[in-house]
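Hi there,

Here is the structure I promised to send over. Please have a look at it first, and then read my notes below.

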Amino acid sequence: MFANMPTALSPLRARVLLVLALLLAVLTPTAPALAAAEQRATHPGAQVVDVTQVADRQVDLSVRSTALGGRTVKVRLLTPDGWAPHDRHHRRHWPTLWLLHGCCGDYTSWTSMTDAAQTESLRDVLVVMPEAGWNGWYSDWWNHGRGGDPAWETFHTKELRRLLERDWGAGPDRVVAGLSMGGQGALLYAARHPGMFKATASYSGSAHPLLNDESTARIMGFFAGQDNDPLRVWGDPVAQRRIWQAHDPFHLAKRLRSLPVYLSCGDGTTGPLDPPGATSALEADFNRQNHALAAELERVGARHVTTNFYGPGTHGWAYWERELHASLPMLMGALGLDVG
């Protein structure tokens, strides 16, 4: 009887083996599935879907971002001499300068409104000029507690940074500068991401939006631009005060005290680079905010703060171009480069 059992069990064994084979076929990924899984693991969050050479040394990347709900946004690169990120035989990683645009601008602002592309000292760095939304405020929006799209901070500091360092020649040494909304962004990113940037510069930046009711109301007005619900960004300045403070450079001053910091602003009256009679209440407000931040940086023991509160001057590109040049020795010095 026992000698005949294997023969009797053969059909059952065959069925078991068939079931196991089917399970393995279902559970074992195919080559394309493995490739897709590997792609997700090694390329989380952002993917370049198009590349356009727009001018000498200027390349626009179209980047699809998970942090932005799967939307595609642009990033302009001003490339250094000898930049060839896809040349595997001469692969080099470059120090980077992140240049952040202001409210109502975009990723083209710095190259269209200033001489950045013609500046000789920027031929030795990779300049990164990312889109940040007309009104994005370099923040992961609160969205009434739900979070999610848009998450500009996550896009820039995680997704885009990793993508640029992996495939586009960006190195680990970085500095960041910006104007107005982007000035606030430059201070926020340097403070909120310790070690990511070696120096930061803010030109006419929103440096202390919680300074007073006028300052808070003004930034809420910006938040409401393009028919946006202003509470989506950081919430209510009273009910969600912790979120506001976490995005107010004044309240993050301790995190900036070990970094070289450059602050500049006019006072909103007619300056030498303005048409006759021009004034700016916005610049006057930001001037008060920057003075407050400079005093707080001094109070917490910051030792590397440079200020240029130049008096008469409005909220305009002529001043920001000038201040970019004025701050370049500090920014490039932090990267170990000589402006000359």
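In α6, the residues Glu-214, Ser-215, Arg-218 and Phe-222 meet Ala-281, Leu-282, Asp-285, Arg-288 and Gln-289 of α10. Please keep in mind that this is a predicted model. Helix α6 covers residues 213-223 and helix α10 covers residues 281-299; their axes come within 11 Å and cross at roughly 125°. Because of that angle, α6 counts as oblique to α10. The crossing of these two helices, α6 and α10, is left-handed.

The largest nonpolar core contains 57 residues, and Leu-77, Phe-155 and Leu-164 have the most contacts inside it. Helix α5 (residues 181-192) gives this core its largest share, 7 residues. There is also a second, separate core of 27 residues, with Leu-97, Trp-317, Trp-320 and Leu-328 among them.

Which residues does Leu-164 contact, leaving aside its neighbours within four places in sequence? They are Leu-61, Leu-77, Trp-98, Val-128, Gly-169 and Ala-170.

As for the chain as a whole, the protein has 11 helices and 9 strands. Of its 340 residues, 50% count as buried. Among contacts with a separation of 6 or more, 72% are between residues 24 or more positions apart. The chain exposes about 15,600 Å², and carbon and sulfur atoms supply 56% of that area.

Happy browsing, and write back with any questions!

Best wishes

Notes. Residues numbered from 1 in each chain as written. Predicted model: local features only at pLDDT ≥ 70, side-chain atom pairs only at ≥ 80, totals over all residues. Heavy atoms only, no water. Helix = DSSP H or I, 4+ residues; strand = E, 2+ residues; numbered from the N terminus. Buried < 20%, exposed > 50% of the residue type's maximum accessible area, 1.4 Å probe, protein only. Contact = heavy atoms within 4.5 Å. Areas by Shrake-Rupley, 256 points an atom, 1.4 Å probe, with all protein chains shown as cover. Core = buried A, V, L, I, M, F, W, Y, C linked by side-chain atoms within 4.5 Å. Axes fitted to C-alpha atoms, helices over the stretch in contact; angles between N-to-C directions. Parallel < 35°, antiparallel > 145°, perpendicular 65-115°, else oblique. Left-handed = near helix turned anticlockwise from the far one by under 90°.
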